[in-house]
Amino acid sequence: MHPRQQTIFALSSGRPPSAIAVVRVSGPQANAALVALAGRVPAPRTAVRALLRDTGGQPLDDAVVLWFPGPASATGEDVAEFHVHGGRAVLAALFEALSAVAGMRAAEPGEFTRRAFENGKLDLTEAEGLDDLIHADTDRQRRQALRQLKGGLGDKARGWRAQIIEASALIEAAIDFSDEADVPAELIAPALAGVGRLLGEIEEVLGAQGQSERLRDGLVVAIAGPPNVGKSTLMNALARREVAIVSPHAGTTRDVIEIELDLDGYPVTVIDTAGIRPTDDPVEQEGVRRARARAAEADLVLWLVEAADDGEPELGAAPHWRVRNKIDLGDLAAGRVDAGEGAGFAISASRGDGLPQLIAALVAFAAKTLGSDSGGLIGRARQRQLLQQTVSSLQRSIKAAADGEELMAEELRIAAHALGRLLGRIDVEDVLDVIFRQFCIGK
């Protein structure tokens, strides 16, 4: 039996122990699993309490079972769900009992979602949106992923593809009636007009999408500066917990420490780096090298110095804000200060002075860099690249119109093919394994 014809099962809720665990079964033997363990198949989409028993008749658990006959199910196949108590022993016994049913096996990562895709329940953009929703860390990421899952990009792509096919039909008709003097011109003119409108619409979507892709990955902010200026103290203050060792001795931080923050719904990774200074210690030298490398890759560097320090940052061309720390030891007022070319702040990381202004500025920077989540449709580089290929083909089709209908028709075919790949309906087998392998087991 081919693996895709086998019935699969997996834990679809959180890892045990838990109050309730949901085990999902999908495939032609889902009803047999219900009969074998629960003694009967309940009415569709009706929760029924049942005493589950193993193949030897021994009780497993007092559970709730549900039955979703295909194709009206999440995967498009027959689906059964077992809602059991979430202890490890209960789940181990249930998995053993399910494995004893003929044609059953444990699911692989993403296999439920892949079956939903293959059965037409999801297109590939919606499947990617589901993966992004599972991994969303902030509310803005959640909203963007939910738009993908609900077909925001997929619906548009299907409409665009239908328009391209309609224009192609007109061009093909013009080729068929090429012997008639007026017919080709009458057919090509509306086709060109339609392609032009479509091209503008896709270009508009592409023009607004650089930021929505960034929202999925988030912003990287590095805290850098000389030793013993309070970088780890600032890191702990931003995290509101002890994540880095704070010591009065210079060179305490020797490796890169990262934390994930949610700043007003924007995902921000904050990096604490080793103090940058000349040193003969080979371990500290490596820490300084890593600090410079991570600062160079960051979207923004908070160059932390003591309040009276006027030295220039040792960062090269990396975008940075100068942050003067330890103002509680001097007379500098907290908040935003004049920093010449870039933003500057005066804070006391240990006491909290000036931190609200610094955090508010970080939120504003994230909003400017990552953009609003209200209209983003493109969440992945794969989607953007295929839309760019579509645009290129449409542009070439317009230019090819003067050289012959055949060339224009070929470019339209290529454009439609690119949108088919975007939706996962054409020639994407090499992409599918990569995408669905990233899902957790049970999804």
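This report describes the aromatic ring contacts of a predicted model.

## Basis of the values

The model is predicted, and local features need pLDDT of at least 70, side-chain atom pairs count only at pLDDT 80 or more, and totals for chains, interfaces and linings use all residues. Residues are numbered from 1 along each chain as its sequence is written, and side-chain values use heavy atoms, with hydrogens and water left out.

## Aromatic pairs

Rings of Phe, Tyr and Trp (its six-membered ring) pair if their centres lie within 6.5 Å, with planes under 30 degrees apart counted as stacked, over 60 as edge-to-face and the rest as tilted. By this rule there are three aromatic pairs. One of them joins F9 and F95, a tilted pair with 5.8 Å from centre to centre and 35° between the planes. This pair links distant parts of the chain, since F9 lies in strand β1 (residues 7–11) and F95 in helix α2 (residues 88–99), 86 residues apart; helices (H or I, at least four residues) and strands (E, at least two) are DSSP runs, numbered from the N terminus.

Buried means under 20% relative accessible area, exposed over 50% and partly exposed in between (1.4 Å probe, protein chains only). F9 counts as buried because its relative accessibility is 5%, whereas F95, at 26%, counts as partly exposed.

## The ring cluster

The pair of W321 and F345 is tilted because the ring centres are 5.3 Å apart and the planes stand at 45°. This pair also links distant parts of the chain, with W321 in strand β11 (residues 320–325) and F345 in strand β13 (residues 342–346), 24 residues apart. Both W321 and F345 are buried, and ring pairs link these two residues and F365 into a cluster.

## A charge over a ring

The charged end of R24 sits over the ring of F112, 5.4 Å from the ring centre; the term requires NZ of Lys or CZ of Arg within 6 Å of the ring centre and within 35 degrees of the ring normal.
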